[in-house]
Protein chains: 2
Amino acid sequence: MICSATSSPTFVSENNLHLLPRLSPDQFIAAPKRPLRFVLDNVRSGLNTGSVFRTADAFLVSGLDLCGITVKPPHRDVLKTALGASTHVPWRHFPSTLEALSVLRTEGWRIAVLEQAPGSTMLADWQPTADERWAVVLGNEVRGCSPEVISAADLLLEIPQQGVKQSMNVSVCAGIVAWHAAAR
Amino acid sequence: MICSATSSPTFVSENNLHLLPRLSPDQFIAAPKRPLRFVLDNVRSGLNTGSVFRTADAFLVSGLDLCGITVKPPHRDVLKTALGASTHVPWRHFPSTLEALSVLRTEGWRIAVLEQAPGSTMLADWQPTADERWAVVLGNEVRGCSPEVISAADLLLEIPQQGVKQSMNVSVCAGIVAWHAAAR
C-alpha cells in the first residue's frame with residue numbers, strides 16, 4: 001500500500017532542522033497513490049475542503065470528488081487552507097454525491113461512508129485488503145450524509161467519540177482516516 | 001487508558017440514525033481523562049484552536065495549554081469551530097510555551113513535540129505505557145516550534161508525510177495524534 005515517487009525525490013530544508021524527501025508537483029502527479037480517495041458530500045466550508053486537499057497531499061491519496069455544494073478550487077477559502085495542494089492532488093466535481101458514487105463504482109471503488117450509525121464498523125477494526133480500493137464519503141458539517149448516500153455504502157465507518165459534542169471537524173476526520181490507512 | 005463517565009451517560013438522537021451515549025458537560029468534567037494533553041505553541045488561527053478543542057472533547061483529552069499568541073476562548077474564531085467544546089474541555093493560558101512546559105513537568109507530564117526533525121520517533125512507533133502522561137506540543141502554522149521548545153522535549157514525534165507540501169493543518173495533526181493514542 002506504500003507508495004513512492006517514480007523519479008528520485010528532491011531534498012529540501014525544513015526549518016533548517018531536517019532534510020526530507022519532498023516530491024515536486026510533477027512527481028506527485030506521476031507517483032503511485034494509495035488506493036484511497038475522499039468524496040466530499042456537500043461540505044459547506046471551503047476551509048475544510050482545502051484542509052482535506054492538504055491531507056490528501058501528505059498521504060498520497062488518489063484524489064478528491066467534490067460533490068454538490070462543496071466549493072472547488074480556485075475558491076479563495078479552498079486555496080487558503082490547501083496551500084498549493086489543489087494544484088496537484090487530482091479532483092473532480094459532481095453535481096450530486098449519488099452521481100459520484102455511481103461513477104466510482106464503475107471505476108472499481110468500494111464505498112465507505114463515515115457516519116455514526118447502526119451497524120457501523122469502528123475505524124480501528126477496518127482492515128482493507130491490499131487489492132481493495134476505497135472511496136470514503138465525508139458528509140456535510142451539520143447534516144452529515146443523506147439517507148440515500150448512507151444506503152449506497154458498502155460499509156459504514158465510524159470514529160468512536162466519547163465526549164459531549166460527538167462530532168469532529170470534517171477535515172480532522174479525513175486526516176484520521178488517511179492516517180489509519182497509511183499506518184497499516 | 002479508556003475512560004468512562006462517573007455517572008450514567010444520557011442517550012440522545014443523532015440524525016435519527018443512532019442512539020449514542022453522550023456526556024453532559026458536567027459528566028465530561030467529572031470523567032477520567034486520557035493521560036494526553038495538547039500544548040498549542042503560538043498557534044495563529046483561532047479556527048485551528050477551536051477545532052483542537054472539539055477533538056479534545058471527542059477523545060476525552062485531559063486539557064489544552066494555550067501559549068503565547070494562541071487565542072483563548074471566548075475569541076469568536078475559537079467559538080466558531082469549538083462549537084461549545086471550550087466550555088467544558090479544561091484549558092489554561094501561558095504567556096510562553098517554555099513556561100507551560102516548566103509547569104507541566106512539575107505536574108508529572110512528559111513532553112512530546114510534534115515536528116519533522118532529526119531523531120524523531122514516527123507516530124506509528126510511539127507506544128506510551130499505561131503509567132505515562134504525555135503533553136504533545138503543536139507548533140505555529142508557519143514556523144512550527146522554536147528550537148528552544150524542541151530542545152525542551154523528551155521526545156520528538158513525527159507524522160510521516162510523503163507529498164509536496166509536507167505539512168498538514170495543525171488541528172488535523174492533533175486529531176491524528178489523539179486517534180493514535182485512543183486506538184491503542
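1. Strand pairing. Two strands count as paired if DSSP finds at least two bridges between them. Keep that in mind for this predicted model. In chain B, strand S6 (residues 110-114) and strand S9 (residues 155-158) pair in the parallel sense over three bridges. One place to look is Val113(B), which stands opposite Leu156(B) in S9(B). Strand S7 (residues 121-122) of chain B also runs parallel to S9(B), and two bridges join them. There, Met122(B) has Glu158(B) of S9(B) as its bridge partner.

2. Strand S8 of chain B. Follow the pairing on to strand S8. Strand S3 (residues 34-41) of chain B is joined to S8(B) by five bridges, and the two run parallel. Arg37(B) stands opposite Ala135(B) in S8(B). S6(B) pairs with S8(B) as well, in the parallel sense, over four bridges. Here Ala112(B) stands opposite Val136(B) in S8(B).

3. Is S8(B) enclosed or open? Count its buried residues. Five of the five residues of strand S8 (residues 134-138) of chain B are buried, so the strand is largely enclosed by the rest of the structure. Both of its faces are covered. Trp134(B), Val136(B) and Leu138(B) are buried on one side, and Ala135(B) and Val137(B) are buried on the other.

4. The sheet in chain A. Now turn to the other chain. Chain A has six helices and nine strands. Seven strands form an open sheet, in the order S5-S4-S3-S8-S6-S9-S7, with parallel pairing. Strand S5 (91-94) and strand S7 (121-122) of chain A stand at the edges. Each has a single partner strand, so one side of each is left without a neighbour in the sheet. For S5(A), look at strand S4 (residues 61-67) of chain A: four bridges join the two, which run parallel. Asp65(A) has Arg92(A) in S5(A) as its bridge partner.

5. Helices on the sheet of chain A. Helix H2 (residues 46-58) of chain A packs on the sheet and touches strand S3 (34-41) and S4 of chain A. Its direction makes about 165° with that of S4(A). Helix H6 (residues 170-182) of chain A lies across S3, S4, strand S6 (110-114) and strand S8 (134-138) of chain A. H6(A) runs at about 165° to S3(A).

6. Chain A as a whole. Of the 184 residues of chain A, 49% count as buried. Look also at contacts between residues with a separation of 6 or more in chain A. Residues 24 or more positions apart account for 79% of them.

7. How are the two copies related? The contact takes 43 residues from chain B and 43 residues from chain A. Strand S2 (18-22), helix H1 (25-30), helix H2 (46-58) and helix H6 (170-182) of chain B each supply at least two residues of the side that touches chain A. H2(B) gives the most, with six residues. By class, this side of chain B has 21 nonpolar, 17 polar and five charged residues. Moreover, 100% of the interface residues of chain B are also interface residues in chain A, so the copies meet through the same surface.

8. Helix H2 of chain B. H2(B) has 13 residues and reaches 19 Å from its first C-alpha to its last, close to the 18 Å expected at 1.5 Å a residue. In H2(B), 13 of the 13 residues are buried, so the helix is largely enclosed by the rest of the structure. Leu60(B), with a positive phi near 50°, follows H2(B).

9. Backbone points to check. Most residues other than glycine have a negative phi, and most peptide bonds are trans. Leu83(A) is not a glycine, yet its phi is positive, about 50°. Leu83(A) lies in the loop between H3 and S5 of chain A. It has 18 C-beta neighbours inside 10 Å, so it counts as partly exposed. Gln166(B) has a positive phi near 50° and lies in the loop between S9 and H6 of chain B. In chain A, a cis peptide bond joins Pro73(A) and Pro74(A), with omega about 10°. Pro74(A) sits in the loop between S4 and helix H3 (76-82) of chain A. In chain B, a cis peptide bond joins Pro73(B) and Pro74(B), with omega about 10°.

Definitions and conventions
Residues are numbered from 1 along each chain as its sequence is written. Chains are lettered from A and ligands numbered from 1 in the order in which they are written. This is a predicted model: local features need pLDDT of at least 70, side-chain atom pairs count only at pLDDT 80 or more; totals for chains, interfaces and linings use all residues. Two residues are in contact if their C-beta atoms, placed from the backbone, lie within 7 Å. Ala, Val, Leu, Ile, Met, Phe, Trp, Tyr, Cys and Pro count as nonpolar, Asp, Glu, Lys and Arg as charged, and the others, Gly among them, as polar. The expected span of a helix is 1.5 Å times one less than its number of residues. A residue is buried if 20 or more other C-beta atoms lie within 10 Å of its own, exposed if 12 or fewer, and partly exposed in between; C-beta atoms are placed from the backbone. Axes are lines fitted to C-alpha atoms, for helices over the stretch in contact, and angles run from 0 to 180 degrees between N-to-C directions.
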